[in-house]
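Dear colleague,

Here is the structure I said I would pass on. My notes follow below it.

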Amino acid sequence: MAILNILHFPDPRLRNKAQVVKTFDADLRKLAADMLETMYQAPGIGLASIQVNDPRRLVVIDVSENHDDPLCLVNPVILEKHGEHKMDEGCLSVPGVFEPVVRATDIKVRAQNLDGETIEFAADDLLAVCIQHELDHLEGKLFIDNLSNLKRQRIRKKLEKESRQGQPEAAGQAL
Ligand code: NI
């Protein structure tokens, strides 16, 4: 396994859209394993392929307390959304920034596993938030897109300054 480089806002490659995965092979499993290792090391609770500059439609998530319950979703789609709540989110591509985002509280998801088998399940709480956040990444969207331009400019300057200093602020629970 390998630690992958996580792109940071405002890298334009974070705006790329992921492509549907049609080949379920060893290379896809390697990407998932590398993404999980990268996410755990960061540390974070979710990571999307676009964040590591890979075009395949894949997200990895682990919201368990002991970080021992990894979930790999290939070609995920949200079938249903219910309820609404606002929660502070962070992102491994926007280190050190936490802002409230409105998301659905309960969702129904369809995806494929790494063997290409279709799975369907319901998710709520943090897992539902995390899945919605990661799916946005696959569409080239970031959680800070909903903030005002002024606020986004401030975040951009802060990250560019930290990047020049070579030491981005450590993230808390980042998705
Ligand atoms: Ni993120």
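Along the chain, the donors of the nickel ion follow the spacing C-x41-H-x3-H-x37-L. Please keep in mind that this is a predicted model. Cys91 is in strand 4 (residues 85–91) and His133 is in helix 2 (residues 125–138), so this pair ties together parts that lie 42 residues apart in sequence.

The protein donor atoms are SG of Cys91, NE2 of His133, NE2 of His137 and O of Leu175, at 2.0 to 2.3 Å from the nickel ion. Cys91 has a relative accessibility of 1% and counts as buried. His133 is buried too, its relative accessible area being 2%; the cut-off for buried is under 20%.

Five strands make up an open sheet, ordered 1-2-3-6-7, with antiparallel pairing. The edges are strand 1 (46–48) and strand 7 (118–124); each has a single partner strand, so one side of each has no neighbour in the sheet. From one strand to the next, the twist averages 40°.

Strand 6 (residues 106–112) and strand 7 run antiparallel and are joined by seven bridges. Within this pair, Asp106 stands opposite Asp124 of strand 7. Helix 1 (residues 26–41) packs on the sheet, where it touches strand 1, strand 2 (58–61) and strand 3 (71–82). The direction of helix 1 makes about 40° with that of strand 2.

Regards

Definitions and conventions. Residues numbered from 1 in each chain as written. Predicted model: local features only at pLDDT ≥ 70, side-chain atom pairs only at ≥ 80, totals over all residues. Heavy atoms only, no water. Pairing = 2+ DSSP bridges. Helix = DSSP H or I, 4+ residues; strand = E, 2+ residues; numbered from the N terminus. Axes fitted to C-alpha atoms, helices over the stretch in contact; angles between N-to-C directions. Contact = heavy atoms within 4.5 Å. Donors = N, O, S within 2.8 Å, 3.2 Å for Na, K, Ca; no water. Buried < 20%, exposed > 50% of the residue type's maximum accessible area, 1.4 Å probe, protein only.
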